[in-house]
Amino acid sequence: SAVGKNDPYATTADGFLPGEAAVALCLERSDLSGTRQLARILTYRANSDALDLIRLPEDGGPLADLLTSIHQDLKTSRISTGPNLPALICPHASGTKANADSECRGIEQALGAFAAETPEPIPVAVFKPQTGHALGASGLLEVALLLPFLGKGHCPPLLKGLSEPPSPRLRLCQATDPLGSGQVWKIASGMGGHNAVAVLDFPGD
C-alpha cells in the first residue's frame, strides 16, 4: 500500500496500516419498545482453519463454508423475514493482496451457491483505508461506523480512489446507493485462520 493510504484491493497492496480504536456498543433485547433500533443482530458464526499463523487459505474455502452455512440457517429459521441475502457486505479487507484474494474468493464461492437469488454485484463497504487496521477492535469499530448509515438506509461514504474488489460479484458501495432495508454481513478474519461473521438486519428509513 502507498504510504498513508490503505487500498485493500490494489494489485500493489503489500501490508496494512495499523490504527487504534476504543469502541462501545449498547445491546438491547429485541422485545424492548419505545426506542428506534439502528440494527438487529440476527446471527453470528465463527470457524477456524488453523492453516497458518498469518496466511489465509488461497481458495477462501473456510470463509465460503461459513457464509454458505449462515445463508442456509437464515433460510430455514424464523430469525429473519427478509430475503436472507446481504444488501451490503463489510469485508475484513486488511490491505494485503493475499487477504484480498482469499477473502474475495471465499465470498465469491458463497455467492455463487445462491447466484440465482442475487444476480447483481453486491456492494461492499471498506473502512480500513479511513481508520487503519485497529488490531483487536476493527470488527466492532466498523459495526459502530456502519450503524448511523444503516439507520438512514444508504451506504456509507468511502475514501475516494479505492480499487474495486477482484471479483465480478462485488463492487465498492457508493454513498448514493440506497439500501432500503436488508442485511449486512460483517466479516472479520484473524491471525491463525479465524473467521467470524455477524449478520445485521437494519430497518432503513
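Helices α1 and α2 pack at an angle of about 35 degrees, their axes 7 Å apart (axes are lines fitted to C-alpha atoms over the stretch in contact, with angles from 0 to 180 degrees between N-to-C directions). This is a predicted model, where local features need pLDDT of at least 70, side-chain atom pairs count only at pLDDT 80 or more, and totals for chains, interfaces and linings use all residues. Residues are numbered from 1 along each chain as its sequence is written, and side-chain values use heavy atoms, leaving out hydrogens and water.

**The α1–α2 contact**
- Here G61, L63, A64, L67 and T68 of α1 meet E103, G106, I107, Q109 and A110 of α2 (contact means heavy atoms within 4.5 Å).

**Helix α2**
- Helix α2 covers residues 97-113, 17 residues in total, and reaches 24 Å from first C-alpha to last (helices are DSSP runs of H or I with at least four residues, strands are E runs of at least two, numbered from the N terminus).
- Its buried residues include C104, I107 and L111 (buried means under 20% relative accessible area with a 1.4 Å probe, protein chains only).
- Among the elements covering the buried residues of α2 are α1, β3 and β7.

**Strand β8 and its partners**
- Eight of the nine residues of β8 (194-202) are buried.
- Strand β2 (40-48) pairs antiparallel with β8 over eight bridges, with I41 bridged to L200 of β8 (strands pair if DSSP finds at least two bridges between them).
- Nine bridges join antiparallel β7 and β8, and K186 has A198 in β8 as its bridge partner.
- β7 and β8 form a hairpin with three residues between them, and G192 in the turn has a positive phi of about 90 degrees.

Key: Expected span 1.5 Å × (residues − 1). Buried < 20%, exposed > 50% of the residue type's maximum accessible area, 1.4 Å probe, protein only.
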